[in-house]
Number of protein chains: 2
Amino acid sequence: MTYIAEVKVMPLKELLDPQGKAVLNGLKNLGIDTITEVRIGKHLHLKVEAEDVEKAKTIVENACRKLLANPVMEYFEIEVHE
Amino acid sequence: MTYIAEVKVMPLKELLDPQGKAVLNGLKNLGIDTITEVRIGKHLHLKVEAEDVEKAKTIVENACRKLLANPVMEYFEIEVHE
């Protein structure tokens, strides 16, 4: 069966996020000062072939650990649905 | 009040996603061949000062149109919560 996995890969909360800081400054320069914090990460949309949801999730977790996320700087969250 | 907005900015479905294709090849090279499609976009985590959820969403939509997403190549989805 084919499952869809949505993966969020974000910079760890303890770390500075220079890209987010730059975008926050850009927003201020555009006059949008009601946005007070910006953090930027990646969003991955995956199609996974697996027998069930649990196996699909395991495949995606493995892929995150091996390639998609850098655990030194990032954490990830996975949502799997049909 | 402070609201949290989660914004997903993804390449339009009609467009090729070279970054996704590269990651898909990387996964195959690692022996992970049960993932058959990868599309990669951005995930933004924002803090917004607004009177209510609707106003917070309007602020974030405006920011997406002006800076956060490129409508020629990307679409965005916004979720706002407290």
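Guide: A pocket here is an open set of grid points with protein on both sides within 12 Å along at least five of seven lines, and a volume is the space filled by probe spheres set on the points. Please keep in mind that this is a predicted model.

Visitor: What volume does the second largest pocket have?

Guide: The second largest pocket comes to about 240 Å³, while the largest pocket holds about 360 Å³.

Visitor: What makes a residue part of the lining of the second largest pocket, and which lie nearest its centre?

Guide: A lining residue has an atom within 4 Å of a point, and 14 residues line the second largest pocket, with P11(B), Q19(B), I40(B), G41(B) and E74(B) nearest its centre. β2(B) gives the most to this lining, with three residues.

Visitor: Which residues lie closest to the centre of the largest pocket?

Guide: Among the 15 residues that line the largest pocket, K8(A), H43(A), E79(A), H43(B) and E79(B) are the closest to its centre.

Visitor: How do you know how many residues of the lining of the largest pocket are charged?

Guide: Asp, Glu, Lys and Arg count as charged, and by that rule the lining of the largest pocket divides into eight charged, four nonpolar and three polar residues. For the second largest pocket, the lining divides into seven nonpolar, four charged and three polar residues.

Technical notes:
Residues numbered from 1 in each chain as written. Chains lettered and ligands numbered in written order. Predicted model: local features only at pLDDT ≥ 70, side-chain atom pairs only at ≥ 80, totals over all residues. Heavy atoms only, no water. 1 Å grid on protein atoms, 1.4 Å probe; cavity = no way out; pocket = protein on both sides within 12 Å on 5 of 7 lines; lining within 4 Å. Helix = DSSP H or I, 4+ residues; strand = E, 2+ residues; numbered from the N terminus.
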